[in-house]
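Take a look at the sequence and the model first, then read on.

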Amino acid sequence: MDVIGYHHEDAGQPPSLSPAYASTVARSPRQPLIQIPHTLTEVTGPAGVWDKLMGPSRADLTRQQKGEPLGQRIVVSGRVLDEAGRPVPNTVIEIWQCNAAGRYIHKKDQWDAPLDPNFTGAGLVVTDAAGAYEYTTIRPGAYPWGNHFNAWRPAHIHLSLLGPAFATRLVTQLYFPDDPLIEIDPIANAVPLPYRQRMVARFDIAKTKPNWALGYAFDIVLRGRDATPFEGA
Amino acid sequence: MSDNQSPDLFGQTPSQTVGPFFHYGLPWKGGADLVGQSDMGARPDLIPEGHYVLNLASPKGPVAGEVIEISGRVLDGDGQPIPDALLEIWQANAAGRYASLDDAREEVPLDPNFIGFGRASTSAEGEYRFRTIKPGRTPGPGNSWQAPHIAIGVLGRGLIKRLCTRLYFEDGDGNRDDPILALVPESRRNTLIAQKIDGGYRFDIVIQGEQETVFFDV
């Protein structure tokens, strides 16, 4: 059975071994990846059943606890597209992040910055028929990490997408414009320039909600599909 | 400076690691139990009281097929277990049909109680565990047939992008004729074969080094 496959990685994807991000050294394969044609396994995925798996939408991360979290309230919106610019409708985006002080609620995060009892930092949105999404949160802080002396992660939001198929899975991070830490961050810079900048959101006064929240634009581009089926042997 | 909205930069959004703190964002309770109602797959021990906002798996009816448990360890290049990895699986149902709009073969039945997608966090000891059913055979390229297999994605701290592999079964029907296994050098095929043990199958994932698992360019 011949199926229409998805494009492979483009030049903007980082290598698994990115030594400046020290943990990749022992956590990247040394053997080359084996090329395979896409089969039904790779071009299918659990589309449209997100609520059965991950639960209902949670698009406002500022209203998950009793009170309002501290920090700068922001709205992030955009579209999920394929490489041809076509919208990817009804696809899930999972979101997680630290609080305004740069602290995750995760028990392994032992950095001495305050926890915010009113901020958990996990959300979920599903794109509409036009591939559009929007969520409300607070701007996350920067935080130190142990990669090298005086290492600090730039402020970022973790984003996870499944897209229509096993082949379109993407986990990425959203960064903020004018953050000086991006330039010296080994994780962001595992992605070569200019492609790294694809992960930097744009401040948008038109998306900003008067008297409420600053607006940022961020589109997410998943792998596109080939034009013709793979010709099997 | 160019950014996410620059037309001249339009293209695939780059992959980034899930980092070490994904446990309250990704693995839901029961994510690793594709047939039952347990909370397998989550790590509530890493999330403070009052902050567990993730889903509980919705109730499922009986699932057709042979129920199996798949377990193993995820190991790094120093042979050390990886306690902050996340595995995702995707598989066909017992009849060999994917619960996906892109598998339109109406002659092969869907199972209303089986989706075929799961997630498991590794434990502090680097162990993972899924409960699922043994998938049926599915079509491969041309007129070929794939042996029963489960597609696996490996995510985690230190993994800047997902690694993709496949699990085949030691006693699987058709391994010898599988068109994907045929692309793997014979000396490395054993890294893709789960070994039968009491109550299920054992499948370690070795990210690097001797017995390094075969990863695919998907």
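What follows covers some strands in each chain and then the contact between the chains.

## Before we start

This is a predicted model, so to speak of local features takes a pLDDT of at least 70, side-chain atom pairs count only at pLDDT 80 or more, and totals for chains, interfaces and linings use all residues. Residues are numbered from 1 along each chain as its sequence is written, while chains are lettered from A and ligands numbered from 1 in the order in which they are written.

## A covered strand in chain B

Let's begin with β8 of chain B, residues 163-169. Strands here are DSSP runs of E, at least two residues long, numbered from the N terminus. Seven of the seven residues in β8(B) are buried, where buried means that 20 or more other C-beta atoms, placed from the backbone, lie within 10 Å of a residue's own. In a regular strand, side chains alternate between the two faces of the sheet. Here both faces are covered: B:L163, B:T165, B:L167 and B:F169 sit on one side, with B:C164, B:R166 and B:Y168 on the other.

What does β8(B) pair with? Two strands count as paired if DSSP finds at least two bridges between them. Strand β7(B), residues 149-156, runs antiparallel to β8(B) and is joined to it by six bridges; B:V154 stands opposite B:L163 there. The hairpin of these two strands has six residues between them, and B:G158 takes a positive phi near 85°. Strand β9(B), residues 193-197, runs parallel to β8(B) with two bridges, and B:A194 is the bridge partner of B:F169.

## An open sheet in chain A

Over in chain A, four strands form an open, antiparallel sheet in the order β4-β3-β8-β9. Strands β4 (122-126) and β9 (170-175) stand at the edges with a single partner each, so one side of each has no neighbour in the sheet. Six bridges join β8(A), residues 156-161, to β9(A), and A:H158 stands opposite A:Q173.

## Where the chains meet

How many residues does each chain bring to the contact? Chain A gives 82 and chain B gives 73, counting residues whose C-beta atoms, placed from the backbone, lie within 7 Å. Elements of chain A that give two or more residues include β1 (34-35), α1 (40-43), β8 and β9; helices are DSSP runs of H or I, at least four residues long.

Note on methods: Buried ≥ 20, exposed ≤ 12 C-beta atoms within 10 Å, placed from the backbone. Contact = placed C-beta atoms within 7 Å.
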